[in-house]
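Let's get to know a structure together, one question at a time. Have a look at it first, and then we will work through some questions and answers.

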Amino acid sequence: MKYIDEFRDKKVSKHISNKIKNLVDGQDKKITLMEVCGTHTMSIFKAGIRSLLPPNINLLSGPGCPVCVTPNYYLDKAIAYSRLPFVIICTFGDMIKVPGSSSSLEEEKGSGGDIRVVYSPIESMKIAMENKDKSVIFLGVGFETTTPLVASTIIKAKEEGIKNLFVLSGHKLIPPAMIALLKSKELKIDGFICPGHVSTIIGAEPYSQVAEEYKVPSVITGFEPLDILEGVLMLVNQIVNGTESKVEIEYKRAVKKEGNIKALSVMNNVFYVSDSEWRGMGIIPDSGYFIRDEFSNFDVEKNIDVKVEETKEHPECICGEVLRGVKIPTDCSLFKFVCNPENPVGPCMVSSEGTCAAYYKYGKD
Amino acid sequence: MKLIKLEGEIGIVELSGVKKEISLSLLDNVKKGDYLIIHAGFAIQKLDEKEAQETLKIWEEIESIE
């Protein structure tokens, strides 16, 4: 088994799709399912999942793209750091093109800033070891999938006695954002397609409040076309037949109920949870990871002072509303002609996991 | 990706001939031949073959019912 082709069988997808159609047959109730993972957004478009679902099932993208939910203030701060002559910025590639209030890391790189794209946080440690006269700042952006990696890097750097590596933590937790969406009552969400990779780390328990208190069925789903269809089938089954809402795991080959205990312990060893600001969603309680005092030598905000410009938002960009699922990219006056992957105005068009980028690349199917 | 070599916390994974060095610091009990989920240079979880077979079996049954 290679875990790929087996989960892309077209014949099976037809059967699952028929099962979903039979379940909602005769129902005129509109069912809205939200995915909160950028990789799901892309897979849904790529595999043409929407065309396999009955018209009353509506798939919406939520705040699942880490670069997209990162607020302008974070970007502005990263840009300000990049202007310091003794600083090397290390970042995942998606962040480079995202516009801040008046610049982007790409522009800063063009004007001489030392900004390096890394594939893994571990590389930033190597860069720090090779540039002892510089301060190396890793831009810690990402959900529970990425935070343990950064935690592991910090622990390793501490063991190695590295003194010039820092992290600007913008790490976030997904379940509190789901709760925030439900609390706001801006839109009715009937079920959540829960993120596969985030859940390999956190397991199923963190979604229980969504299912039990807010009564919204939640299914942790894999990324292959059959996984997504099966996840939708499990959700629709709960919505149509279920007496109680629960958290289920479709992606059983990768997600254990308890998550990855080792990764969780590494992450919680280095980070603590507190309130954090999200683009378009404001400050969400207990939704961000911050570096603990024991590791404060690696927290750039506690070690290097910088003046950050006043935050400005593009007046016409609706990225925030797209992240909340209340608008779709084609509702935006900038979409396609003004804002596109070559000239992105907002992060949802920049990131390879952004909803606007998905609509641009695959069209609205 | 398939783990083809491991030495302490460092592993080499392979997919279609492409090899990559990864960290195993976030995962316990891995062995050669395991299929791993890799994220930004780290193995974050092991794929469970028994569970994968179970999922495929459910789909086989869906097919045979129709």
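The radius of gyration is taken over C-alpha atoms, and the globule rule is 2.2 Å times the number of residues to the power 0.38. This is a predicted model, in which local features need pLDDT of at least 70 and side-chain atom pairs count only at pLDDT 80 or more, while totals for chains, interfaces and linings use all residues. Residues are numbered from 1 along each chain as its sequence is written, and chains are lettered from A and ligands numbered from 1 in the order in which they are written.

Q: What radius of gyration does chain B have?
A: Start with the rule for a compact globule: for 66 residues it gives a value near 11 Å. The C-alpha trace of chain B spans about 50 × 25 × 20 Å along its principal axes. The radius of gyration of chain B is 15 Å.

Q: In what order do the elements of chain B run from the N terminus on?
A: Helices (H or I, at least four residues) and strands (E, at least two) are DSSP runs, numbered from the N terminus. Chain B has one helix and five strands. Their order from the N terminus is β-β-β-β-β-α.

Q: What percentage of the residues of chain B count as buried?
A: A residue is buried if 20 or more other C-beta atoms, placed from the backbone, lie within 10 Å of its own. Among the 66 residues of chain B, the buried part is 30%.

Q: Which helix of chain A gives the largest share of the side that touches chain B?
A: Two residues are in contact if their C-beta atoms, placed from the backbone, lie within 7 Å. By that rule, 29 residues of chain A meet 25 residues of chain B. Helices of chain A that each supply at least two residues include H6 (121–130) and H9 (196–202). The largest share, six residues, comes from H1(A).

Q: At roughly what angle do H7 and H12 of chain A cross?
A: Two packed helices are described by the angle between their axes and the distance between the axes. Axes are lines fitted to C-alpha atoms, for helices over the stretch in contact, and angles run from 0 to 180 degrees between N-to-C directions. The axes of H7 (residues 147–159) and H12 (residues 261–270) of chain A come within 8 Å, and the crossing angle is roughly 65°.

Q: How many Å separate the centres of domain 2 and domain 3 of chain A?
A: Domain bounds come from an automatic or database domain assignment. In chain A, domain 2 covers 67–173 + 261–303 and domain 3 covers 319–362. Taken over C-alpha atoms, their centres are separated by 24 Å.

Technical notes: Buried ≥ 20, exposed ≤ 12 C-beta atoms within 10 Å, placed from the backbone.
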